[in-house]
Amino acid sequence: ATNNINKGMIARTNYDPPKCSVFSNKYTYLKPDHSCRFSIDREAEKQLPNIIKNPLQIITGIESPEKDFKTEYEKKRRIGIVFSGGPAPGGHNVIAGIYDAAKQANSETKVYGFLLGPDGIIENEIIELTGNLVNKYRNTGGFSMIKTGRTKIDTSEKMNLSRETCKALGLDALVVIGGDDSNTNAAFLAQEMYDDGVQVIGVPKTIDGDIQVKDDEGRVLCAMSFGFHTAARAFANAVSNLCTDSSSDVKYWHICKVMGRVASHLALEVALQTHANITLIGEDLADYVDEKRIEKAKNDNTVDYTAYGITLRHLSRVICDCIVRRAAAGKNYGVAVIPEGVLEFINEIQLFIIKLNTIIAEYNTTHDKTFHMEFPKLTDKLEYLRKLAQRSREDRSFTIWNTRDDDLFNDIPDFFQKGLLMERDSHGNFPFSQVETEKVIMEMVKDYLAFLREKGEYKIGIKRTYYNKTLQKAELDPDFFGPVLFKNYTQGDILLVKPSIISLKTLNQTLIKEGALKEGEPIPPAIEKIYKKSVPDFKTQTHFYGYDGRGSDPTKFDCIYTYNLGLTVFSLIANGATGQMAAVRNLEQDFLQWEPAGIPIAPLMHLEERKGKLSLVLEKSIVNTNSISFQIVKALREKWLAANPGEDNYRKPGPIIFSRENEESRPITLTLNALADK
Ligand code: FBP
């Protein structure tokens with residue numbers, strides 16, 4: 001077994017990803033595409049004046065350029081690379097691509113890695129990347145070569161220190177491999193170091209898949225950040241195994257929380273790959289409109305704001321409905337996928353998050369202290385909130401936390417209160433991965449199911465059973481399958497039990513009342529068995545698919561994509577670009593159609609609420625509910641729920657296998673596939 005693992009790893013590290021055709025040229029130059037336009041935010045124009053006018057640059061090959069071009073292209077450089085944010089499979093290959101291209105242009109060029117993320121830049125912690133080191137990590141997962149971190153370079157002090165580091169190292173270029181927040185950092189660094197001549201290039205990384213770029217006309221410039229393909233495949237494989245498990249022992253609902261801090265792209269892809277019975281898509285829930293309440297409000301001549309957007313309670317009812325319907329078809333098991341960031345799309349919770357962000361940020365600035373250090377215990381935090389509620393009672397103009405908020409907040413379980421008050425990261429993001437979202441939702445589901453069971457509405461459907469006169473021998477009707485049917489009782493030799501019978505005791509009393517049993521006579525074992533089968537026992541197993549997928553070894557798609565991103569980065573550097581993000585266009589098409597490019601970062605930025613203030617950040621791309629991929633999931637939802645006695649419709653995507661061609665090595669995800677059909 002050890003040998004096999006070694007062989008597999010050797011095949012991986014020795015793998016030479018193919019290069020996009022443009023890189024078969026010794027030199028590349030940048031061809032601006034001015035037809036590609038973006039609506040520019042005024043604040044971005046103001047804060048990033050030197051890079052806001054950057055165009056989209058198409059990487060183009062050139063075999064024999066002019067002498068000056070050659071000299072510039074081949075000059076000896078010093079390039080620094082930093083990983084920023086959570087790991088994503090393929091990061092090492094971005095480094096390998098940059099390293100190979102840089103060394104090919106000039107073997108004396110030096111490539112450095114900043115250690116532990118942006119802190120490495122601030123504190124000037126580096127290592128020189130050598131051929132041996134890079135080779136060791138080719139095509140492997142994680143960011144272990146130089147590690148990563150989440151620090152944001154957001155103060156003038158941190159910015160100055162970063163600038164000092166770049167100067168001290170004599171860097172020509174800094175490469176930031178990160179998500180939306182890290183590319184935001186890259187844009188500000190590019191602006192800040194513009195006059196120093198330090199070029200800053202970003203690379204779109206994140207398993208969340210929420211860096212997707214289109215121009216104003218909807219042309220796709222970056223279909224997907226790297227790492228998404230691998231994480232989605234890893235999660236899909238694990239979830240698909242649970243589909244097999246649950247339909248085998250038919251006793252559990254597997255509840256799978258799937259990463260994606262805000263956007264539900266990963267959950268959507270898992271749904272497409274596995275056909276799990278229930279998949280929630282946050283963006284879809286946010287679009288929910290309660291028509292009945294709107295109608296009622298109209299009749300009452302008022303506006304009901306709460307009719308827009310789903311509530312937690314309503315969401316739990318939707319899930320219950322699915323569970324009850326499957327149970328009625330005899331299936332008291334299944335698989336549900338819940339996106340990590342679902343709470344972001346539940347209005348009532350989102351409101352809490354925004355309010356608490358503001359309160360925490362305000363406390364930090366007005367008291368010059370850190371809210372979380374000041375109030376380490378939940379009880380202290382709650383006490384502080386209570387004081388704010390009191391203040392709103394005395395001062396009507398103080399509205400940030402009123403008594404209603406306080407009451408609602410006190411109504412939610414402790415662990416959820418603690419979750420909502422958790423410390424934000426340095427970018428001001430809410431730590432969704434640390435909140436037990438699935439627990440919050442499933443607690444409500446369990447409560448409501450218990451209520452439905454009492455009402456006799458949550459019953460397991462079984463096949464109609466005929467009994468002989470002694471009620472000992474049963475025979476199944478192969479054609480009928482339904483909620484424990486049972487209308488009036490003994491008709492000839494057919495036993496029918498009413499749904500309202502919810503305990504063996506009432507069953508016994510009914511049988512006596514109907515004359516099937518004599519007083520004191522016990523329920524015959526055959527009847528007892530079938531009755532017990534029909535009383536649901538709702539059992540769940542919860543799972544979190546996140547960190548494991550982030551640490552997966554990359555799929556071939558991600559190996560090839562990231563290596564070419566690395567080559568693209570060097571091409572941008574060699575051509576003097578700054579404030580651009582490396583990208584590969586046409587990812588949804590055949591590899592031969594892939595087109596490396598540089599996307600201007602500044603025009604993609606907009607104002608967003610962070611730490612209670614509006615900040616200029618790269619816009620996250622969330623699931624578009626009009627997209628083909630979502631529409632497919634929506635159209636097939638009922639089929640995948642399989643609330644009928646027939647077979648489930650699970651799909652088995654299989655594991656990530658690197659050493660041979662397989663289903664997984666298809667260079668597209670199903671989400672991208674749908675994009676290609678557009
Ligand atoms: P990035 O945006 O930095 O790529 O990170 C994404 C992510 O994996 C989210 O899906 C998740 O919510 C978060 O990181 C977890 O962060 P942490 O490592 O701080 O727990």
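At what angle do helix α16 and helix α17 pack, and how far apart are their axes?

Guide: Happy to! This is a predicted model, in which local features need pLDDT of at least 70, side-chain atom pairs count only at pLDDT 80 or more, and totals for chains, interfaces and linings use all residues. Residues are numbered from 1 along each chain as its sequence is written.

Helix α16 spans residues 378-394 and helix α17 residues 403-411; helices are DSSP runs (H or I, at least four residues), and strands are E runs of at least two, both numbered from the N terminus. The two pack at about 150 degrees, with axes 8 Å apart; axes are lines fitted to C-alpha atoms over the stretch in contact, and angles run from 0 to 180 degrees between N-to-C directions. α16 is therefore roughly antiparallel to α17, a label for angles over 145 degrees.

Now for the residues that meet. From α16 come L385, R386, A389, S392 and R393, and they face T403, D405, D406 and F409 of α17; contact requires C-beta atoms, placed from the backbone, within 7 Å. By class, this contact has 3 nonpolar, 2 polar and 4 charged residues. Here Ala, Val, Leu, Ile, Met, Phe, Trp, Tyr, Cys and Pro count as nonpolar, Asp, Glu, Lys and Arg as charged, and the others, Gly among them, as polar.

How values were computed:
Angles under 35 degrees count as roughly parallel, over 145 as roughly antiparallel, 65 to 115 as roughly perpendicular and the rest as oblique. Two residues are in contact if their C-beta atoms, placed from the backbone, lie within 7 Å.
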